[in-house]
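Please look over the structure below before reading on. This report then describes its pockets and the surroundings of its ligand.

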Amino acid sequence: IMSLFGEVPQATPVAVFKLSNDFKEDANPKKVNLGVGAYRTDEGQPWVLPVVKKVEKIIVADNSLNHEYLAILGLPEFRSSASKIALGEDSPAIQENRVGAVQCLGGTGALKMGAEFLRRWYNGNDNTKTPVYVSAPTWENHNAVFANAGFEDVRPYKYWDAEKRGLDLDGFLGDLESAPKHSIFVLHACAHNPTGTDPTHVEWMQVAEVMKRRKLFVFFDSAYQGFASGCLDKDAWAVRYFVTQGFEMFCAQSFSKNFGLYNERVGNLTIVARDSDNLKRVLSQMEKIVRVTWSNPPSQGARLVAITLNTPELFAEWKDNVKTMADRVLLMRASLQAKLQALETPGTWDHITQQIGMFSFTGLNPKQVEYMIKERSIYLMASGRINMCGLTTKNIDYVAESIHETVVNV
Ligand code: PLP
């Protein structure tokens, strides 16, 4: 019998999830998963942050809470405290009542809401033809999220210089200079995924200068605040600098990594508007978009984050938990770099310690990646990106020797 679904083509699997499945099915006891973008302890296990465990108990015990619908835009105390950690406690924009936010389903939801709004309303026009620029390379979902929101022209901007394994600043600035006026630029707030390479403060200032002069829209994606330096304020430097430069802008925040709340889908879209009247109208349209998308957001993750950020002792404890994660990554970076150096692995490996955040862009080519997977059961993305959190004191020797053997032989 014919099926109504007979013509549906098989879609390609999402690379990072396919990699995890292949890893699960691998029988090699030495196997290592460096693909997935999630924190692991030195025992290779997921980590429920101690502060989260504590706040979960507070929520269970609080008889004043219930499961009624939240406001369409989300939990007010979550939205304001989330925006505050992005923009800073004493942000003049917050004091001027021109900052608002939408609670979203993870960082992805925040990007989606931002994209849907911009396509409909940005600059008073239909924006299907407005170019959206994403870094080359970037988190692969950026392209699809903006395309799926109706932007027909999603383009890469130059970012990574493979030769020098660092930022291609001239290329980046050149693409900003030549972009059509009002183009939208998605900027990684810190700990760039996948390259682990961020502009310096001076370089960000150059980027801001061109973006302001050429009237380009700033859309920050902040998925790793705290992971780059271990310090929330340092990691928000770029976002805060752009606010001081007077931009009207968006910042999509994800609490998946820095709170370890991957499956609770906690995100926030911070909006910095010209004034409170503009903000009010923007939020009214955001409400319409949320209504037809998920109608109403979930509460558990937002409560966890809001209680943590709004209680001084818990806030301090969370910062400490974040630092624990960031420090373990730093330790693994230093250790991997030292081991490759000691093995005299061909090439330079300083980029492993120079890069920041959860990921390292190793420079291994697709053939070498395939060899690592097939011959060594070490799973990493085809781009050569590895999740530093997948390394532990137990598997790091095996990984370093495997990289050495691969670079020598392939
Ligand atoms: N943006 C970047 C750069 C990311 O790496 C990720 C997660 O991998 C996200 C956004 C989305 O995060 P979430 O899982 O909160 O949707």
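Which residues lie nearest the centre of the second largest pocket? They are Tyr122, Asn123, Phe217, Glu248 and Arg274, which belong to a lining of 26 residues.

## About the model

This is a predicted model, in which local features need pLDDT of at least 70 and side-chain atom pairs count only at pLDDT 80 or more, while totals for chains, interfaces and linings use all residues. Residues are numbered from 1 along each chain as its sequence is written, and side-chain values use heavy atoms, with hydrogens and water left out.

## The second largest pocket

A pocket is found on a 1 Å grid over the protein atoms alone, as an open set of points where a 1.4 Å probe fits, with protein on both sides within 12 Å along at least five of seven lines, and its lining residues have an atom within 4 Å of a point. The second largest pocket holds about 640 Å³ of space, a volume being the space filled by probe spheres set on the points, which are joined across faces, edges and corners.

Helices and strands here are DSSP runs, numbered from the N terminus (H or I with at least four residues for helices, E with at least two for strands). The element α11 (276-293) gives the most to this lining, with four residues.

## The largest pocket

About 1,300 Å³ of space lies in the largest pocket, which is lined by 49 residues, and Phe17, Val36, Gly37, Lys257 and Tyr262 lie nearest its centre. Among the elements that give two or more residues to this lining are α2 (50-61) and β11 (359-361), but the largest share, seven residues, comes from α1.

The space taken by the ligand is this largest pocket, where a molecule is said to sit in a pocket if more than half of its atoms lie within 2 Å of the grid points.

## Around the ligand

Several polar contacts, which are pairs of N or O atoms within 3.5 Å, reach oxygen atoms of the ligand: a side-chain N or O atom of Thr108 lies 2.5 Å away from one, one of Ser254 lies 2.6 Å away, and a backbone N or O atom of Gly107 lies 2.8 Å away. The protein covers 90% of the 390 Å² of accessible area that the ligand has on its own, as given by the Shrake-Rupley method with a 1.4 Å probe.

Definitions and conventions. A polar contact is a pair of N or O atoms within 3.5 Å; within protein, one must be able to donate a hydrogen and the other to accept it, and residues adjacent in sequence count only if both atoms are side-chain atoms.
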